[in-house]
Amino acid sequence: MSMKPIDETCCMKVLGTWAPARRAVPARNTGLNLCDKDNPLLQWLPERSAFLDEIIRLEGRGSEGTRLNCCCGTDNATHLYRCRDCFGVEMVCLTCVVHRHLSNPLHRIDMWNGSFFQSITLKALGLRVQLGHTPGERCYNAQPVSCDEFTVIDAHGIHDVAVDFCGCETAQIRYKQLLRARWFPATTSDPRTAATFGVLELFHLLSFESKVSAYEFYHSLARRSDNTGISPIKDRYSAFMRMMREWRHILQLMRAGRGHDPNGIKATPDGGCVVPCPACPHPGINIPNGWENSPPDIRWRYALFLAIDANFRLKRKAISTDDRDPSLNSGWAYFVEERAYKDFLSERITEPQERSTCVSHNAVNSADTKASRGLAATGVGSVVCARHEMRLPNSVGDLQKGEKYVNMDYLVFSVLVSFGLAVFNLSYDIACQWHKKIWSRNSMMPQRLQFNRENKTVRFFVPKFHLKAHIQSCQTTFSFNFSKWVGRTDGEAPERGWADINRVATSTREMGPGNRRDTLDDHFGDWNWKKTTMLGRTLLRKLKEAATAGRAHREELAELEGAIDASTLALWRVDVEAWEEDNTKPNPFESRVVPMTQAMVRLQFAERERRDLQDGIDSSLHAEISPSVLVANGLELEDQQRRLRADRKSSSQNPTDNQRAKLQTRSNALQRKLDAWVQVQVLYMPAVAPLRIRAQRDSSPQHELPEDFTLFLPSQLNPTTPCDLSLCQIEWQLRYAQADDALNDVRQNVRLHAHLNTFKTLHIRGQRASTRARSALDLAETKKCASRLKYEAARVALDALGERLGMVGWRDTFRPLNVSDMRPMGDVGSAGQSEGRRDIPWIWKSPGVLHNNDAGLQDCLRVEWCKARARASRWSEELSLLIEEMQRVLAFFRWEMVQWHERGTARSFTKDADYEGSHAYAQRQISIREGLIRHFSMLWRDALSAVIVPSDVFEAVRENP
C-alpha cells in the first residue's frame with residue numbers, strides 16, 4: 001500500500017474546526033466522496049468493524065496475557081486482576097491491587113478466571129477502609145461496622161465496603177469520620193450507609209440540568225453495579241433520598257453564610273438562604289445614599305418590578321403531613337413559612353372570590369371551583385423579579401383551591417414589606433380586577449405584612465402577552481407599552497421560569513409537603529444562580545438592542561413629528577402627558593372619532609330624502625324605493641352573491657341531500673330578490689336594459705347561477721354608457737363607507753385569527769380540543785378572506801367611479817390589500833414583532849392623512865403619534881435602566897465581597913483546622929465575586945462606549961460601592 005506523506009503543518013477539517021495532523025497516514029480508498037470527508041460520522045463508518053474488534057479485544061487480557069508475573073517482580077505472583085476505573089488495562093496480583101486501591105476503595109475490579117473477566121469487590125480481596133487515619137495506616141483500636149456490612153453509593157455504582165471506624169481516644173464521632181472522608185452518612189447514629197460527595201454533586205447538577213428524578217438516578221447506579229439481576233443490589237433508595245435532601249439543605253446554608261454566623265443556623269432570618277437578584281435595587285447596598293430624595297424623573301430608576309403568577313402544574317397529592325415530613329428550610333428560602341401561611345388562610349379561606357368585570361378570567365371566576373380532589377395543593381403562586389426573572393425571598397406558596405386573592409395577597413405583601421423602596425411596579429395577568437380592593441385587603445393582613453403606602457407609589461400592569469385577552473380599556477390603562485418609566489419590561493418573567501421548573505412537576509407531586517418545598521426551593525436557588533452568572537451577557541445583549549432600537553424609533557418619531565403642525569403637536573403632547581400623570585384623564589391611545597359606517601351613510605341618505613320630501617322635492621321614480629335605497633340594496637345583493645359563491649365553493653364534492661337543499665333554498669331566495677331589484681333598476685337606469693338583453697343573448701340563462709348574475713351598478717358600467725351622476729355619487733359614498741367597513745372587518749378578523757392561533761398553540765392539548773380549535777381557526781380565516789374580497793370589490797368600484805366623478809386622493813387611504821398586509825398590530829405581530837419593535841402595516845394607518853382634514857383620519861394619526869412617542873420613550877428608558885442595572889450588579893458583588901470578608905473572621909473556633917476551613921470558604925466566595933466583576937466589566941466596557949456613554953458613567957459602574 002502506498003504511503004502519502006503529510007506535512008506536520010497540514011490540517012484537516014474535523015467538525016467544522018481545523019486540527020493539525022500529527023503523523024503520516026496510509027492513503028487508501030475509503031469510498032467517501034469529497035462531501036463525506038467533512039462529515040465525521042461518515043468517516044467513521046468504514047472503521048466501524050475496527051472499533052468493534054478493539055472493544056471485543058478488551059474482553060480478554062490482550063498483551064497482558066503474555067506476561068508471566070506481576071510487574072511488582074514477586075515470584076509466583078499471578079496477575080489476575082485489573083481495575084475498570086484506573087487508567088489503562090494493566091493486570092496485577094492480589095497484593096498490588098489491594099495496595100494500589102487504598103486511596104481508591106470504590107473502584108471496580110475484574111478478575112480473570114481462566115476464561116473471562118468476572119467482577120469481584122475489593123472487600124472480597126481483603127481491602128479494609130480505615131477511617132480517621134491516612135490511607136494505609138491502621139488504627140490500634142479499629143472498630144468494624146456491625147456485621148461488617150457497609151454500603152457506599154458512588155458514581156461508579158453501589159458498593160459493599162469493609163469499613164473500620166477509628167477507636168482512638170481522640171477519635172471523632174462516627175458520622176464525622178465519614179464526613180471527613182467525603183462520605184455523607186445516611187444516619188447520625190451507627191451509620192451503615194453513605195454516599196460520596198461526588199455522587200451527591202453529580203445528581204445535584206443532573207437534577208438541575210436534566211431534571212432527572214432520584215428514582216431514575218439511583219436505579220441507573222444499581223444497573224451499573226449489576227445489569228443482570230443475578231446479584232441483587234441492596235436497596236438504599238430511601239437512604240439516598242434522605243441524604244440528598246440533607247445535602248441540598250446543607251449547601252443552601254453554607255452558600256448563604258449561615259455556617260459563619262456566630263449565632264448559628266437557628267438565627268437564620270426568613271428568606272436568608274436565597275440567592276438574591278444583584279440587579280434589583282437594594283437600599284444601602286447597590287443604590288446611592290439619599291435615593292429617596294431624588295426627583296421623580298430620577299427616582300423611577302430605583303423602582304422594583306414585580307411579576308405575579310400561578311402555576312397549576314406544580315400540584316401535590318394528598319400524601320403525608322407537615323408533622324411527618326416537615327420542611328428543613330421552614331421559610332428560610334423562597335417558600336413562605338408554612339405554619340403562619342396556613343393559619344392566615346384558615347381565617348379567610350372561606351371568603352368568596354370577587355367576579356371579574358373585565359373578561360371571563362378563569363383565574364378569578366374559577367378560583368372557588370378549581371378541582372382539588374385528592375390534592376393537597378392544586379399549584380403554587382409566586383412573585384418574581386420582572387426585570388431579571390429571579391425568584392424573591394418568601395415569594396412562593398401553595399394554592400389549596402385555585403388562584404384565590406387571599407393566597408396571592410399573602411405572597412405579594414410578604415415581598416413588598418421586605419424591600420424598603422418607594423416605587424413598585426406590579427405585573428399580574430388579572431391586575432385590572434385584583435388591584436381594585438387590594439388596599440382594603442391590606443388592612444386585614446397580619447400586622448407584620450401590612451404594607452405602609454405613605455410616600456410610596458405602586459402601579460399595576462398586565463403582562464404584554466396576556467393584555468390582548470382583556471377589554472379595550474384595560475389594554476391601554478394597564479399597558480407597559482404606554483406607561484412611562486417602565487422601559488421595555490414585558491411582565492412575562494414568571495412564564496419563562498415556569499417553563500424550567502415544570503419539568504420536575506411529575507416527581508414533586510408525589511413528595512411529602514416538606515420534601516417538595518425543599519426540593520423546589522433548591523431548584524429556584526439554582527435558577528437564580530444561573531441567572532446571576534448570565535447577567536453579564538444578558539444585560540450586554542439588551543443594551544446593544546436598546547441602543548439600536550432606541551435610535552431607530554427616535555428617528556421614526558422625529559420624521560413623523562416633522563410633518564405635523566407644531567401647534568397640533570403641542571396639544572397632543574399636553575394631552576398624553578396629562579394622562580401619564582393621571583390615568584383618569586381621557587386616554588390619548590383610544591380613538592375619539594366614531595368611524596363612518598355603511599349604516600350611517602344610509603341613515604344620512606334617508607334623512608336627506610326626508611328633508612327633500614318636506615321641501616316638495618321628490619326624485620324617486622318608485623313609490624317605495626328611492627335612488628339611495630336602490631343602490632344600497634344593490635350592494636347588499638352583491639354581498640349576498642359573494643357569500644353564496646364562497647359557500648358553494650367550500651362545499652364538499654359529494655354534498656348530502658340536506659346540504660344541497662340548503663344551498664338551493666338560498667339560491668332561490670337570492671334569485672327572487674334579484675328579479676325584484678332588476679324591475680326597479682330599469683326605472684332609474686334605463687340604459688341597463690339593452691345591456692342586460694345583450695348579456696342574456698351571449699350566455700345561457702338556464703345555466704346561470706344567481707351569484708354570477710351581473711347587477712350593472714353604476715360602477716360596473718362602461719364610462720361611455722349614460723348614467724345619472726346622482727346615482728354615481730350615491731354609490732361613491734356607499735362604496736367609500738363599504739371600503740372603510742370592510743377594512744375594519746379585515747382588522748378585526750386579523751386580530752381574531754391571531755388570538756385564536758396563539759391560544760391554540762399555548763393552551764390546546766389533545767386531538768378533540770385541537771380539532772375544535774382548528775375549526776375555529778378555519779372559520780376566522782374564511783371571514784378574513786371574505787372581508788378582503790369585500791374590500792377589493794369596493795376598491796374596484798371606487799376606481800371606476802373615481803374616473804367618472806373626477807375623485808382624487810382616495811387611493812392614499814384605500815391601497816391594494818395584499819396578504820402580507822393582513823398582519824396584526826401590537827404584541828401578536830409577525831416574525832416575533834411586538835409593540836415596542838413593530839413596523840405598522842398600512843391597514844392600521846392611512847398614508848397621506850397629514851394632508852386630509854377628515855376627522856377620523858386625523859384621530860388615527862393622533863393615536864399613532866402617541867404610540868410612536870411611547871415606543872421611543874420606552875426604548876430610551878430601557879437604555880437608562882440597563883446602565884443603572886449594570887452599576888447595581890457590580891456594586892452588589894462588591895457588597896457581597898465585604899460580607900464574606902467579615903464572615904471569614906466572625907466566628908471563633910477552638911481548632912485551627914476549623915477556622916482555616918471557614919476562612920478558606922469565605923475567601924473562595926470573595927474570589928468568585930472578584931471574577932464576576934472582572935468578567936462583567938470587560939464585557940460591558942466596549943458596549944457602553946459604543947452607545948456614547950460618558951467615561952465617568954463607566955467609572956461609576958466600576959467604583960460605585
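Ring pairs join F203, Y215, F217, Y218, Y237 and F240 into a cluster. Rings of Phe, Tyr and Trp (its six-membered ring) pair if their centres lie within 6.5 Å; planes under 30 degrees apart count as stacked, over 60 as edge-to-face and the rest as tilted. The model is predicted: local features need pLDDT of at least 70, side-chain atom pairs count only at pLDDT 80 or more, and totals for chains, interfaces and linings use all residues. Residues are numbered from 1 along each chain as its sequence is written, and side-chain values use heavy atoms, without hydrogens and water.

A search of the whole structure finds 33 aromatic pairs. The ring centres of W112 and F117 are 5.0 Å apart and the planes stand at 65°, so this pair is edge-to-face. W112 is buried, at 14% relative accessible area. F117 is buried too, at 14%. Buried means under 20% relative accessible area, exposed over 50%, partly exposed in between (1.4 Å probe, protein chains only).

Now take W572 and W865. Their ring centres lie 6.0 Å apart with planes at 45°, so the pair is tilted. W572 belongs to helix α20 (residues 566-581) and W865 to helix α28 (residues 855-903), so the pair ties together parts 293 residues apart in sequence. Helices (H or I, at least four residues) and strands (E, at least two) are DSSP runs, numbered from the N terminus. W572 counts as buried at 10% relative accessibility. W865 is buried at 0%.

Next comes a sheet. It is open, has 3 strands in the order β5-β6-β7, and pairs them antiparallel. Two strands pair if DSSP finds at least two bridges between them. β5 (81-83) and β7 (117-120) are the edges, each with a single partner strand, so one side of each has no neighbour in the sheet. Between β5 and β6 (residues 109-112) there are 3 bridges. One partner pair is Y81 with M111 in β6.

Helix α16 (residues 493-501) buries A493, P494, G497, W498, D500 and I501. Seen down the axis, these buried residues fall within an arc of 160° (taken from the directions from the helix axis to the C-beta atoms), so they line one face of α16. They pack against β15 (304-311), β18 (379-385), β19 (391-399), α17 (505-508) and α18 (513-533), where contact means heavy atoms within 4.5 Å.

W498 also has a charge over its ring. The charged end of R391 sits 4.4 Å from the ring centre of W498. Such a charge needs NZ of Lys or CZ of Arg within 6 Å of the ring centre and within 35 degrees of the ring normal. Likewise, K456 lies over the face of F451, 5.8 Å from the ring centre.
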